[in-house]
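Dear colleague,

Please find the structure below, followed by an account of what was found in it.

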Amino acid sequence: MNEVPLRILLDANPVAGDPKSGPRRFWTTREIAIVRERYPRGGLSACLELLPGRSATAIYQVARREGVVKVDKGGKPLERNRWSTNAHIDDAIRRAYQGEPNSGAIGRLAAALGRPRRWINARAQVLGIAVPRFKEEEWCEAEIELLKLHAAKHPAVIQRQFSKVGYVRTATAIANKVKRLRIRANASDDGDRYYSVMGLAEAFGCSRDTVSKWIKDGLLKASKPKATALTAKPGDDGVAWRIDRADIKRFVVDNVAAVDFRKVDKFWLVEILAGSAR
């Protein structure tokens with residue numbers, strides 16, 4: 001078998017022959033010995049040939065458990081795994097977290113995607129869809145200012161910054177708050193009543209072009225500030241249009257099929273539908 005990059009093998013997750021099941025699913029001493037001997041010299045490609053019924057991800061996990069990595073002639077490690085993602089993987093994670101994201105559901109998702117459970121949980125935090133166990137306390141102004149300062153960083157990094165100054169927030173709560181701050185930052189200049197095209201796109205988890213098309217097709221009512229009323233068109237920058245909260249609510253109720261609820265910020269949506277102006 002020709003040498004194939006690690007990342008491609010793990011994403012494709014090939015297996016030679018039929019996957020092993022039942023009592024045969026347990027790894028034997030001989031199979032583990034093959035991984036320990038062949039993996040450092042030939043990586044996954046070399047092991048797949050000699051381990052029929054074992055998938056690429058299963059072999060990789062055993063190699064990591066046994067502490068072996070592929071090395072060059074001088075013994076220097078060649079591999080550093082960075083798990084990738086795409087729209088299909090993110091959508092699968094969103095669907096899993098729409099239901100009850102218990103240990104079994106996340107375990108099955110991790111096996112299907114060929115990703116570690118901890119990576120699934122971390123990705124859910126980045127997407128802002130991991131559900132906090134308890135109702136969080138209100139954010140103070142100092143916390144919000146600190147969050148704005150570090151908003152471009154990973155939620156886990158922001159969490160450490162919070163801990164240094166005595167604030168206790170989970171990475172999930174931080175990711176959710178960052179997303180809502182971006183929605184507010186891209187709103188219009190009229191406070192919470194109006195939203196720009198960009199702000200609404202952030203809230204719905206879609207592109208600005210999608211929101212502009214809703215306006216152009218007459219599905220979503222929008223108005224133009226007087227200063228730009230003579231020049232703005234439906235395809236212009238988001239600042240040229242403002243959308244009233246009441247019209248957003250009407251749009252959601254009347255056009256359920258047009259909205260991908262897997263991508264919508266659900267906390268923001270509840271505020272809109274409930275008529276809250278917080």
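At roughly what angle do the axes of helix α7 and helix α8 cross? The model is predicted, so local features need pLDDT of at least 70 and side-chain atom pairs count only at pLDDT 80 or more, while totals for chains, interfaces and linings use all residues. Residues are numbered from 1 along each chain as its sequence is written, and side-chain values use heavy atoms, with hydrogens and water left out.

The axes of α7 (residues 141-150) and α8 (residues 155-164) cross at roughly 140 degrees and come within 10 Å of each other. That makes α7 oblique to α8 (angles under 35 degrees count as roughly parallel, over 145 as roughly antiparallel, 65 to 115 as roughly perpendicular and the rest as oblique). The crossing of α7 past α8 is right-handed. From α7, E143, L146, L147 and H150 meet I158, Q161 and F162 of α8 (contact means heavy atoms within 4.5 Å). Four of the residues in this contact are nonpolar, two polar and one charged.

In helix α11 (residues 208-216), V211, S212, W214 and I215 are buried (under 20% relative accessible area, with exposed over 50% and partly exposed in between, using a 1.4 Å probe and protein chains only). These residues lie on the same side of α11 because they cover an arc of only 155 degrees around the axis. D209 and K216 are exposed on the other side of α11. The cover over the buried residues of α11 includes α10 (197-204), β2 (243-244) and α12 (245-254). Just after α11, G218 has a positive phi of about 80 degrees.

Yours sincerely

Notes:
Axes fitted to C-alpha atoms, helices over the stretch in contact; angles between N-to-C directions. Helix = DSSP H or I, 4+ residues; strand = E, 2+ residues; numbered from the N terminus. Left-handed = near helix turned anticlockwise from the far one by under 90°. Nonpolar A, V, L, I, M, F, W, Y, C, P; charged D, E, K, R; others polar. Arc of directions from axis to C-beta.
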